[in-house]
Amino acid sequence: MKMMNEMLKNIPIPKMVKVRQNFYAPEIPDVPEAVHQSINQAGVLGRISPGDHVAIAVGSRGIADIAMIVREVVSAVKRAGGNPFIVPAMGSHGGATAEGQKEVLAHLGVTEEFVKAPIRSSMDVVEVGRLENGLPVYIDKLAYEADKIIVVNRVKPHTAFRGPVESGLMKMITIGLGKQKGAEAAHQYSFKYMARHVVDMAKIVIERAPIIFGVAVLENAYDRPAKIVTVPAEQFETAEPELLIEAKSLMPRIMFNPIDVLVVDEIGKDISGDGMDPNITGRYATPYASGGPDVARIVVLGLSEKTDGNANGIGLADITTKKVKEQIIWEKGYANALTSTVVSVVKLPMFLETEELAVKAAIKTCNAFDIKKVRMVRIKNTLALREIWISESLLDEAHQTEGIEILSAPMEMDFSSEITWGEGDS
């Protein structure tokens, strides 16, 4: 500690300015009504017969209002005479255990009391087919044995591959409903082939399991529901590419590029599969995806409460803190890495005693021509980008950037718990 203090004592931390990034952001005014309207417009409730046991697949992502959306899907199924129940559809998340996956849903607010339906969690799967290359295709046994299946998921760009279908309904079928074994099979040949495998595996499941429709959620740049679309199962392959294009157009971004130091206050599986979304940070774990800003150094200051010790993605950072290291429950991230075959995301970066030292270390090593004018950005997490903090050196650029509002005077960087974020970001 003494040596680190000595080496970093003369590294200046710039004053920071709070700014608001304004994006085009359509938002659904009444989410429950939008769910029912979407289901009714699709005309899919007739696929449920009175008395049918209907499995509703729900994942681990921190989708805005996910518990409310699931509750309304449950309500719609009951209205059609079905008996709904929830199954976790999250691959190996939750430590690849049935109880762990149920706990993940609880962290997201998806509880039996709130959604008005039982939650049945198991890691047992059924093999329903194989690809031509021999890869097995699995589905959750409880869902497979139900009379009907509905999937609920967000459509958005993936963090590790590119294709016409990325994160969404088909990926939830392939990997989410496939549980740990399905996720492992889909990742076996790496993300290089994932775009094809997601579609091919999902098509086999749709053909051989009673999936009737999916509820797709698109979010705006402020992590709020922008659109809810119900898609009949047979239309997944044609509908998802268009939804993905729309989802990409709604994504937020950091309006400064390049960045010498990006400070991320928290990462977590509830925020992104990679802890912090590479589409926002520009830092990817595979060579099969790209985009985002050019960032020299990333500092992670904490783990989200809902990630429950899973630090998957910490390996994409350059520097973190001793506190973060001590909060990590390694086996949770390791389960993800072993399943995805991407191990760089769980490597531990340099960790320092305090947040201040971590930021100073990033500044010292970012190779800026003048560290007194370092281009630094601080965000709460990669979902909360409405209000961010920028270094004083970026002020002129901020004034010239359309969509940026200056909210504060330059001030010392706040390392206390009192730092303020925008509405919905705190």
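Okay, quick ground rules: it's a predicted model, where local features need pLDDT of at least 70, side-chain atom pairs count only at pLDDT 80 or more, and totals for chains, interfaces and linings use all residues. Residues are numbered from 1 along each chain as its sequence is written, and side-chain values use heavy atoms, with hydrogens and water left out.

So, the sheet. Five strands make an open, mixed sheet, ordered β3-β2-β6-β7-β8. Strands (E, at least two residues) and helices (H or I, at least four) are DSSP runs, numbered from the N terminus, and two strands pair if DSSP finds at least two bridges between them. β3 (83-88) and β8 (225-232) sit at the edges with a single partner strand each, so one side of each has no neighbour in the sheet. The twist averages 20° from one strand to the next; axes are lines fitted to C-alpha atoms, for helices over the stretch in contact, and angles run from 0 to 180 degrees between N-to-C directions.

Looking inside, β2 (residues 53-58) pairs with β6 (residues 148-154) in the parallel sense, over five bridges. V54, for one, has K148 in β6 as its bridge partner.

Now the helices. α10 (residues 236-250) lies across β6, β7 and β8, at about 10° to β7. α7 (residues 169-176) lies across β2, β6, β7 (211-219) and β8, at about 115° to β6; contact here means heavy atoms within 4.5 Å.

And what does α7 pack against? That's α8 (residues 179-187), at about 110°, axes 7 Å apart. The contact includes I175 of α7 and A183 of α8.
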